[in-house]
Amino acid sequence: MEERRARAVTARRKKTLALLLVLVGLYGAFFSLVVFSVGRDKAPHGTGAARESDGTAREISCSPNWFVLGAVSRCRATVVTPDGTRYPFSSFANELSSDDVGREVAMTEYRQRGKKLVGQFHPSRVYPVNTLGMLLGFFGSVVLAVVFPLVLWPRKPRQAPTPVPLGDGPAPAG
């Protein structure tokens with residue numbers, strides 16, 4: 001009875017650890033996609049190139065984005081177009097940063113099939129994408145979320161095959 005209870009507790013712990021690894025792995029995949037998807041101006045291979053500007057982001061305010069442990073900033077701004085129209089702008093991660101607070105940033109309006117989508121902007125500067133960091137982080141996290149839990153998930157103990165009783169059959173000739 002004690003052995004059975006101990007096995008149940010161990011199985012429960014393994015299940016809990018496996019589910020925790022799934023959650024950590026999924027969060028790690030999300031984290032790597034958000035943090036490494038776009039580099040910053042300080043990226044070593046960044047060109048700092050810019051696209052056509054359709055407006056300027058002003059009154060930029062940023063705070064750490066705690067969904068990704070503060071690794072990037074969540075920013076809000078007001079985009080002012082050349083004709084004076086004002087549009088609210090907010091970024092989840094990587095489009096504007098705390099380095100941009102107090103500055104004006106050139107913004108480009110999104111286009112779809114050559115037409116501008118009114119009021120939807122992104123920074124005009126071009127950032128390099130950290131593909132290696134994004135892929136390594138994403139796939140490493142997926143392995144953590146899928147493979148390790150499969151290894152840890154408790155299995156029912158295999159029972160030894162029941163022995164076939166030796167009967168009173170005919171004696172071997174010899």
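Tutor: Val143 is placed in helix H2, which spans residues 131-152; helices (H or I, at least four residues) and strands (E, at least two) are DSSP runs numbered from the N terminus. This is a predicted model, in which local features need pLDDT of at least 70 and side-chain atom pairs count only at pLDDT 80 or more, while totals for chains, interfaces and linings use all residues. Residues are numbered from 1 along each chain as its sequence is written, and side-chain values use heavy atoms, with hydrogens and water left out.

Val143 has a relative accessible area of 40% and is partly exposed; buried means under 20%, exposed over 50%, and partly exposed in between (1.4 Å probe, protein chains only).

The whole structure contains four aromatic pairs. Rings of Phe, Tyr and Trp (its six-membered ring) pair if their centres lie within 6.5 Å, and planes under 30 degrees apart count as stacked, over 60 as edge-to-face and the rest as tilted. The ring centres of Tyr87 and Phe121 are 5.5 Å apart with planes at 50°, so this pair is tilted. Because Tyr87 lies in strand E3 (residues 86-91) and Phe121 in strand E5 (residues 115-123), the pair ties together parts that are 34 residues apart in sequence. Phe121 counts as buried, at 4% relative accessibility. The rings of Phe138 and Phe139 have centres 5.2 Å apart and planes at 75°, so that pair is edge-to-face. Phe138 is partly exposed, at 26% relative accessible area. Ring pairs also join Tyr27, Phe30 and Phe31 in a cluster.
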